Amino acid sequence: MGLIFLGAGGCGSIPVWTGGEVPFVPTTPEVIDRMLELARAKTGDVVYDIGSGDGAIIIRAARKYGLRGVGIEIDQDLVLKARNNAFREKVEHLVEFRAQDAFTADISPATIVTLYMLPEFNAKFRPILERQLKPGSRVVSHDFPIEGWVPDKVDVIKGAWLHDHTVLLFEIR
């Protein structure tokens with residue numbers, strides 16, 4: 001079961017559980033933009049979003065930068081929602097959403113990987129990032145560190161309500 005946060009009158013987000021194993025919490029457009037800026041998104045990049053939820057990060061990368069992207073999401077209902085969102089935003093030709101366990105995914109084509117996952121997940125996923133990503137690839141984590149890695153850059157975005165957002169950039173060497 002996963003967690004969805006729904007807007008509550010400008011007060012932030014309210015959790016709602018879904019079928020995934022990690023909580024789904026939507027990322028705001030401001031945070032998505034900062035994640036892509038920190039990653040220095042540019043023509044030719046391929047973005048993989050691990051735990052892609054409703055597809056917002058991949059869809060924004062496609063719309064704003066014309067980038068191809070792949071969302072990996074374990075919750076089939078969220079995958080369907082992401083596909084519908086991509087169609088509505090007219091970027092379905094640039095993006096793909098897969099109902100898949102992230103630990104079985106081939107992420108080697110990625111030049112940018114985005115994460116909004118809990119620290120325990122990030123720690124378990126780190127060996128996959130290290131094994132599959134090429135030097136020069138960028139990993140951007142929203143709010144949570146990746147155990148054993150030191151971020152190359154950290155940025156804080158003022159949030160609504162009680163939570164400021166931390167964006168951490170890690171570059172693969």
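Is R63 buried or exposed? With a relative accessible area of 53%, R63 is exposed (over 50%; buried is under 20%, partly exposed in between, using a 1.4 Å probe on protein chains only).

Some ground rules: this is a predicted model, where local features need pLDDT of at least 70, side-chain atom pairs count only at pLDDT 80 or more, and totals for chains, interfaces and linings use all residues. Residues are numbered from 1 along each chain as its sequence is written, and side-chain values use heavy atoms, leaving out hydrogens and water.

Now the charged pairs. The whole structure holds twelve salt bridges (a side-chain nitrogen of Lys or Arg within 4 Å of a carboxyl oxygen of Asp or Glu). Here are three of them:

| Pair | N to O distance |
|---|---|
| K42 and D45 | 3.6 Å |
| D45 and R138 | 2.7 Å |
| E89 and R63 | 2.6 Å |

E89 sits in the loop between helix 3 (76-88) and strand 5 (95-99), while R63 belongs to helix 2, so their bridge ties together parts 26 residues apart in sequence. Helices (H or I, at least four residues) and strands (E, at least two) are DSSP runs, numbered from the N terminus. E89 is partly exposed at 29%.

D45 is buried, at 5% relative accessibility, and R138 is buried too, at 4%. K42, by contrast, is partly exposed at 46%. There's also a salt-bridge network linking D33, R60 and K64.

Finally, S52: it's in the loop between strand 3 (46-50) and helix 2 (56-65), and it counts as buried at 4% relative accessibility. Beyond neighbours within four places in sequence, S52 contacts G71, I72, E73 and F97 (heavy atoms within 4.5 Å).
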